[in-house]
Structure formats: structure tokens, C-alpha cells
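Thank you all for coming.

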Amino acid sequence: MKSQAAPTIQITPTATPMKAIAVRSGIPGSVHLAELERPSLEDVPNGRGVLVNVLRVGVDGTDKEINAAEYGAAPQGYEFLVLGHESFGRVEAVGPNVTEFQPGDYVVATVRRPGTSIYDQIGTNDMTTDDTYYERGINLRHGYLTESYVDDAEFIVKVPQGLKEVGVLLEPTTVVEKGITQAFEIQRRLRVWKPRRAAVMGAGTIGLLATLILRLRGLDVTTFALTKKPYLNSDLIEAIGARYVSTQDTPIHEGAVKYGPFDLVFEATGYSPVVFDSMRALGKNGVLVLSSVTGGDRKIEVPADKINLEFVLGNKVMVGTVNANREYFESGVRDLSQAELEYPGWLKRLLTHPVKGLANYQELFDKLLNAKGAIKIFCEVAEL
């Protein structure tokens, strides 16, 4: 009797889960290494998906505050939120209806995703009036501190190969781009507004980038910060022709008399009392841009009547900037490219504290909490 051949059994391999740095919503200090299913192009409808391998992800105060359970919620169906909103990666594959990108392109993804307001529907979701908002790595959407992600081409921005070493700085640059662009947009009401002198409050990452972009626009810039020079941040400021002033030596109001009045003030200290000093330093027809997100219930005494009088009679404006839509990512690419041409190597000096690999998440957050002299801390997820 002839033996019967055994039936062939086909086994469909399951994709190995990928690692991600995440927190558990509402639990302080819960940062940990989680596992996620690997994304695929089919996750995005209409053939518009872009699959990106993550190379670098920057971390900042937002990540620290989410890990402290001050805000941030997990996406529906998950017990954790993957962190990381400052992405930089390389395209692995694209959907059949994507013409803007091809495998090998360097890219950065935007952060906020559309809600339901009219502003969301016209592509300015950074101006949403919805109470619930969706931000990758911040609220209700997983972030980029993982091995790969997929997203709609609408939310992906191409980065030139010449910026691959510093592309992780693009997302924080967009906060500055938005604030300065909005300042000029508001002052169109004056018909002619040609600012000549600017002040930047703070010499951290955002303050340094604000100093850079204002210098690229030809303004005389004075950057105020607490630490006495010389140190890396003051050296960076002076290397691009700006002026560094330590408030330990010269208070803001004295600096405004000496180097102002300022047509534009960009506040980036994270210390709310400086906002009121900035109001006093602002010249007539000036714009004060606020970029610090401050919590707590700090109280100070201010000359309220005088500030109010000066703002009304001086046609002064105050505006906030946070997050950014695609427009500001694209202008950020242009300015970072110009900076590389005018000040070669300057941007790379901001990348002070790299951490290799997602597995070293504890080192990443230890540096975020404790590293002295840090400008930009970032995770090297994969080789450039």
C-alpha cells in the first residue's frame, strides 16, 4: 500500500513587534519600553501612506511633563502613550498614490492631527478651537520614539540630504517660525513695518533658534539669559553676530534702555515673570511673541496700569505660538538650509546630548532631568 503524503501546512509568519518608549497615562514616572505592532502602508487609506524608519527623536520639557503625568492621554484601545514629537526619519516605502516621496528620502512628520473645527478642515489644525486635540507623542496619538511609523503624506515634510545631521531640530524650529511669521502677519495692519531691533528672552533650544532666525532676517538681536558668559550658549549667540546679555549683570529693563527699544521680543524662558519684563522692553508698534508653556500658580506684583497704558498708546501686540502646521515646517527647512550655508556647523553644535537606542530610555530621561549644559537631548534610534 502506497503511503499517503502528509498535507502541506502553510504558516503565515507574524511580524516581530517593535520597541517604543512610552508612558502610562496618569501615572507619574511611568516611562518604560513598550511593544507595538509594526505599521504598514495599508493603515492609511487611499494609497496615501508613507512608511518611515525612525532615525532620531529629540526630547524636551513636554516629554518630561508628560512623564510627570501633568497631561497627555493614550490613544483609544491602548494603556500607554508612545512619546516623542520631534521626529527625523527615512522613507522605507510609499503607497501607490504618493508622488511626493520615494524610498530613501529624509523626512520629518508634523505633530498635530485634524479635529472637527473649521480651522482643522482648512489645514490650520494648530489653530483648532476644539477642546479635544490630537498630537502625536503628546495627546491621543502615538509619537515617534519607536522603530517606524506610517502616516498620510499630507503630514510628512521632506528634508534635504544636506540637513540630515541636524534634521531633528526642525520641529522645535517650527515653533519659532510660526511666532515670527505671525508677528509679521499681524503688523500688516501698519502697512509699513520694518523691525530693526529684536530681543530674545532665554538661551535654551528655542531661544537659540529664535536668535538664529531673527539674525537670518537681518535684525540686530540681543539675547537675554541668566547664566554669565562665556559658555556654549553665549558662544553660539555671538558666533552669529547677536549680542548676549546675562541678566545677572544687566537686568532686562536696563538692557532695553541700552540696546532697545525692541520692535520684536521673543520670550522663551519658561519663567512667567519674564513676560512682564518683556512687555516693558517692547517698543512702540512692537510685537511680543510668547512661546513658554508655564504651569503652576506663581504670582508677582506688576505695574499693571503702566503696562496697560504703554500697550494701548504704543499700539503694542502680544501673541502666543505653540505647535505648527505644515507651512511652518516648510519655512523651517528653508531657514535651516540657509543657516547651514551662512553659519556652517552652527546647528550641529546644538546637538549636545545623544543617547543611543530605544533600550536606553532611562538614560534619555535622566539626561532630560539632570544634564548640565544640555541644549538638545535626542535618541539615536538608528544609524543615519
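**The sheet and its salt bridges**

What we have here is a predicted model, and in it six strands form an open sheet with parallel pairing, in the order β14-β13-β12-β15-β16-β17. The edges are taken by β14, residues 243-246, and β17, residues 317-320, and because each of them has a single partner strand, one side of each is left without a neighbour in the sheet. On average, neighbouring strands of this sheet are turned by 20 degrees against each other, direction ignored.

Let me turn to the charged side chains, where the count comes to 23 salt bridges. One of them belongs to the sheet itself, since Arg 243 in strand β14 and Asp 220 in strand β13, 23 residues apart, meet through their side chains at 3.2 Å, N to O. Arg 243 is partly exposed at 27% relative accessibility, and Asp 220 is likewise partly exposed, at 31%.

Another pair is Arg 217 with Glu 177, whose closest N and O atoms are 3.6 Å apart. Is Glu 177 buried or exposed? Glu 177 is buried, with a relative accessible area of 1%, whereas Arg 217 is partly exposed at 35%.

Finally, Arg 56, Glu 165, Lys 356, Glu 380 and Glu 383 are linked in a network of salt bridges.

Key
Residues numbered from 1 in each chain as written. Predicted model: local features only at pLDDT ≥ 70, side-chain atom pairs only at ≥ 80, totals over all residues. Heavy atoms only, no water. Pairing = 2+ DSSP bridges. Helix = DSSP H or I, 4+ residues; strand = E, 2+ residues; numbered from the N terminus. Axes fitted to C-alpha atoms, helices over the stretch in contact; angles between N-to-C directions. Salt bridge = Lys/Arg side-chain N within 4 Å of Asp/Glu carboxyl O. Buried < 20%, exposed > 50% of the residue type's maximum accessible area, 1.4 Å probe, protein only.
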